[in-house]
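Thanks, everyone. I have one model to go through today, so please have a look at it first.

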Amino acid sequence: MNKERLRRTVMYAAGNNPGLIQNAAIYGADSVIFDVEDSVSVAEKDSARQLVYHALKSLKFPCEIGVRINHISTPWGYKDLEYLLPAKPDYIRLPKGESGDEIRDIDKIITKAEEECGFEPGSIKIMVSIESPKGLRNAYEIASASPRMIAIAIGGEDFAASLKTEKTRGNTITGGRELYVARSMIVFAAREAGIQAIDSVFSDMRDEETLINEVALVKELGFDGKSCVNPRQIDIIHQVFTPSDKEIDYAHRVLNVFKEALANNSGVIALDGKMIDMPMVIRAERVLAIASAAGVYQKEESI
Amino acid sequence: MAKLLTAAQAGTVESSDILIMLAPAQAGTGIQVELVSPTLQQYGEHIKNLIVKTVASQGIQDAIIHANEKGALDYTIEARVKTAIQRALGERGF
């Protein structure tokens, strides 16, 4: 079940920096992306591509590794795919996705590369970031364009810029309003397509408090994880996205009560004076699934 | 067999990287490597051999290479040498 893989953090590493590439995966991020797009200057696109290729070929990484390619409408996009797919990244991250056709185009190229290299068909996935109103309008089409799709992400700064506004700090009360609708629509599209939703980078490394608020906000909206560019943010983001002991305990009790009710054939169930119905059971199952994937909960046989 | 058209370089002198400067050489002079490295005594031979092997694997028989190594792992050395060669062959890979 690749789609249910934990992706609380998706960390970027600049693709032309060997020091960053070889160390990026050791900080515990759930997923790491080697970037040959924005973090690499035009004059170094060729060297970044080579470096990422050789890193993927010769190093072993403890987590999932994706590659952010240049968009296929730029002079580098197709070459990125041609060079990097034979190194078998876990997924291709496409920036500025705007249509399902782009995804189907990339899907075909991946299919061909998998055949030529003898990789398992369908093993290389796709993650797309939405950075424009057009992309947002087509978000569901993008999310459902290929069975390789694992997640859509919002590129916050780019999106805000394309709205001719700026990304504000994601304070739960006043901040992040400019992205509120876009973030929600990303979650709707991802959920309808049955894939994950990833929030954008929070770029002020020193401001932990606002980061926590922003992560709490996007978790509440339904996101599965958040992108980041600095290892310092990983633990903070994980803390918010990982169910607490209290949440785990409650979920556990919900499922127990539900199981009892099923066994006794009783219609209505209550726990601590609160009615428990199907959505709560589903949520409890999800809490335990995330907790189990995050290694803070051991699934019991009885549930 | 390929022939280098011009001098070219790739890489940086940042930590964990290597700067490769590559120039065409007269036919028959072979692949000559001049290496600067903080770990010359320990890894000098290994790094030089890797550079020569990578250059030869691209079909180049004659080249003058100056390498300034800053603790690069093998994958980085290979990648930087290949990029320098592509650039010296006049292919920017775009």
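Just after H11(A), Asn265(A) takes a positive phi of about 60°. Before going on, the conventions: this is a predicted model, where local features need pLDDT of at least 70, side-chain atom pairs count only at pLDDT 80 or more, and totals for chains, interfaces and linings use all residues. Residues are numbered from 1 along each chain as its sequence is written, and chains are lettered from A and ligands numbered from 1 in the order in which they are written. Helices (H or I, at least four residues) and strands (E, at least two) are DSSP runs, numbered from the N terminus.

Back to H11(A), residues 245-264.

Which residues of H11(A) are buried? Ala251(A), Val254(A), Leu255(A) and Phe258(A), buried meaning 20 or more other C-beta atoms within 10 Å of the residue's own, placed from the backbone, and exposed 12 or fewer. The buried residues pack against strands E9 and E10 and helix H12 of chain A, with contact meaning backbone-placed C-beta atoms within 7 Å.

Last, H9(A) and H10(A): their axes, lines fitted to C-alpha atoms over the stretch in contact, with angles from 0 to 180 degrees between N-to-C directions, come within 9 Å and cross at roughly 35°.

Definitions and conventions. Contact = placed C-beta atoms within 7 Å.
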